[in-house]
Every structure is written in structure tokens, then in C-alpha cells.
Amino acid sequence: MWWTPDPVVRLRDGEWTVRPLSGAASTKVYRCPGCDHEINPGTPHLVVWPPDRVDNRRHWHRPCWDRRCRAARLPPDAG
């Protein structure tokens, strides 16, 4: 089996590892920090954490994470 590293997103407040979680793999209730609503079991969503702090992972609805990324994106010249 091939292992693919999780993508890392660079935003104004640092780098974030982003891992999609399928509905089948989601068996607990989580609270999305983007909207403060529950993510119910069976709901596909994202798990996000700073690369060096996996213990600080949070579960996000994809639209909430996408909205956060748009608001915190780096300026075009910050490559």
C-alpha cells in the first residue's frame, strides 16, 4: 500500500496539516471551530492541525475550513 503525506496549507497564522475524513471513518460527534455546530457521525469532514502538534487537531466542516482559508490566505507575493 502506498502512503501519501497529508497536504500542508500555509496561511497567515502558520502551516496546517489537512486530512480529509470519510463519512465511514467518522464515528464520533465533533464540534467544528468554524461554526460551533456539531459534526455528526457519518459526516465527511476535515481534520486539521499544526504540523508539529498533532495533539492539537480539530475537526472542521469542509465549507467552514474553506471559508477560513479564504479569509487567512497569504498575499500573492508572500510565496
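This is a predicted model: local features need pLDDT of at least 70, side-chain atom pairs count only at pLDDT 80 or more; totals for chains, interfaces and linings use all residues.
Val8 has Thr17, in strand E2, as its bridge partner.

- Strand E1 covers residues 8-11 and strand E2 covers residues 14-21.
- The two run antiparallel to each other and are joined by four bridges.

**Across to E5**
- On to the next pairing: E2 also teams up with strand E5, residues 45-49, again in the antiparallel sense.
- Five bridges hold the E2 and E5 pairing in the record of contacts between these strands.
- Two spots to look for on screen are Val18, which faces Val48 in E5, and Pro20, which stands opposite Leu46 in E5.

**The whole sheet**
- Put together, four strands make an open sheet, and they line up as E1-E2-E5-E6 with antiparallel pairing.
- At the edges you'll find E1 and strand E6 (58-60), each of which pairs on one side only.
- Ignoring direction, neighbouring strands in this sheet are turned by 35° against each other on average.

**The helix on the sheet**
- Helix H1, residues 62-72, packs on this sheet.
- What does H1 touch there? Its contacts are with E1, E2, E5 and E6.
- The direction of H1 makes about 40° with that of E1.

Technical notes
Residues are numbered from 1 along each chain as its sequence is written. Side-chain values use heavy atoms; hydrogens and water are left out. Two strands pair if DSSP finds at least two bridges between them. Axes are lines fitted to C-alpha atoms, for helices over the stretch in contact, and angles run from 0 to 180 degrees between N-to-C directions. Contact means heavy atoms within 4.5 Å.
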